[in-house]
Amino acid sequence: MSVITLFSGIFCDDAAVIGHVMESTGHRLINDEMIIASASDLSGLAPGKIQRAFASQPSVFNQFTHEKESSIAYLRLAAARTLSRGAVLISGYSSLLIPQTIKHALRICLIADMDSRMARARAALETNKLIKKPTNEPGTKQEEAEEQVLARMIHEDDHDRSVWTHTLFSIKDPWNSGLYDMVLPMGKMEPAKAAALIEENLLKEALQQTEDSVVVVNDFLLAAGIEVALANAGHHVNVRAQKGHIILTIDKQVLMLGRLEDELKNITREVPGVISVEVRVEPLPPPFPVYRKRSSDLPSKVLLVDDEREFVQTLSERLQMRDMGSVVAFDGKSALDLIQTDEPDVMIIDLKMPGIDGMTVLKQVKQTRPGIEVIVLTGHGSEQDRKTCMDLGAFAYMQKPVDINLLSDALKKAHGKIKKI
């Protein structure tokens, strides 16, 4: 049975089109929420963390954690598993995870002009669907405020979808016709008509499931399983499967290639169904990043908070040289803002900072994010400060200048405590 994938811009009548198609064809809907839930079950990661893979702005720690890449690997495996369920309609961001090599998949894109989308957005606003009425700014009429909010919502959603297609295909235009079999202009077409066109194309001989297309589905499932196995071991490479023969492609500069090749091959061979493994390094023009394996045994989400810029940037570099991922905030307010959306595992904070000082940061972090371990690193603290910090829940209290090895040990112990929870 043929599969339908459907990717749509916001306010392009996708729900109505999907409803008509499902009613006429009997296809079962698989949406992003279902794929995320399945990926969460497979990985043990919270659904919110998985969902962040769709967001245009990854975690500031992602260069060290590879959380987005790992989440996409599990999303791809979850999507691959849905293809064994017969006639399904996969909608949303997840629809683009189905490779174009699967010939019995009909790829649909719904998009409309801005005026049509704004009209649908206004209708949704009036019926309280999806949108709450915005509060107008002083000096701005309510209607103007609503128009601005709706337009911003559409542009931000388009941007997220642009980043998603760029992540998957290096294509910034999410409506690029090369990604789909059909791009339907919903500003000029009723949902019933769009559904009828989809149903008509679904019956074409080229879209019928064959033995060869089933083999490609199995290849997709095998490649997705290998990608997950590699991600769990801290690796991120491109995986392609063809009847059990696996090609792994690295697109970064590699130090000690032979050792990396052996490790990747050994992990891949453990996956059932693998016959052979080949590792390729894709040549890239400089400058190119160095391939780094993620280690779950070392801290990779460390936030350094200090207004002494040269000191804290040097400290961050020294930690990264020890394979510990760290980012920098130069004041207490920036640090508190960051942890609202991007929670670190460990923070290293100075006490004396302009604005919100380190003691206040420590107190607020422990009140709102008690799972974050905090190491106080200061050059001005007293014995009473040390006692107060420890009473507030600090993991350690250290004086500047600090021995980098002692600080590294404290970070590893804090990370170890978090892993046990």
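Which residues form one aromatic cluster? Select F7, F54, Y93, W164, W175 and Y180, and you have it. Before we go further, note that this is a predicted model, in which local features need pLDDT of at least 70, side-chain atom pairs count only at pLDDT 80 or more, and totals for chains, interfaces and linings use all residues. Residues are numbered from 1 along each chain as its sequence is written, and side-chain values use heavy atoms, with hydrogens and water left out.

**Stop 1**

The structure holds six aromatic pairs. Here, rings of Phe, Tyr and Trp (its six-membered ring) pair if their centres lie within 6.5 Å; planes under 30 degrees apart count as stacked, over 60 as edge-to-face and the rest as tilted.

Start with F7 and W175, a tilted pair with 6.0 Å from centre to centre and 40° between the planes. F7 belongs to strand 1 (residues 3–8), while W175 is in the loop between helix 7 and strand 5 (182–185), so this pair ties together parts that are 168 residues apart in sequence. Helices (H or I, at least four residues) and strands (E, at least two) are DSSP runs, numbered from the N terminus.

Y180 is in the loop between helix 7 and strand 5 and F7 in strand 1, so parts 173 residues apart in sequence are tied together.

**Stop 2**

Next, select R117 in helix 6 (residues 114–126). With 3% relative accessibility, R117 counts as buried. What does its side chain join up with? Show D158: a polar contact of 2.9 Å connects the two side chains. A polar contact is a pair of N or O atoms within 3.5 Å; within protein, one must be able to donate a hydrogen and the other to accept it, and residues adjacent in sequence count only if both atoms are side-chain atoms.

Show what else R117 touches: not counting residues up to four places away in sequence, its contacts include G9, I10, F11, C12 and I154. Contact here means heavy atoms within 4.5 Å.

Then click on D157 in helix 7 (residues 142–169). D157 has a relative accessible area of 16%, so it is buried. Its side chain makes a polar contact of 2.5 Å with the side chain of R161. Leaving aside neighbours within four places in sequence, D157 is in contact with I10 and Y93.

**Stop 1: salt bridges**

How many salt bridges are there in the whole structure? A search finds 19. Each one is a side-chain nitrogen of Lys or Arg within 4 Å of a carboxyl oxygen of Asp or Glu.

R52 is partly exposed at 29% relative accessibility, whereas D342 is buried at 5%.

Move on to K417 and E373, another salt bridge, at 3.4 Å from N to O. K417 sits in helix 15 (residues 404–420) and E373 in strand 12 (residues 373–378), so the pair ties together parts that are 44 residues apart in sequence. K417 is partly exposed at 42%, and E373 is buried at 4%.

Finally, select D306, E308, D350 and K400 to see a network of salt bridges.

**Stop 2: charges over rings**

**Last stop: helix 5**

Select residues 67–82, which make up helix 5. How many of its 16 residues are buried? The count is 13, so the helix is mostly covered.

How values were computed: Buried means under 20% relative accessible area, exposed over 50%, partly exposed in between (1.4 Å probe, protein chains only). The expected span of a helix is 1.5 Å times one less than its number of residues.
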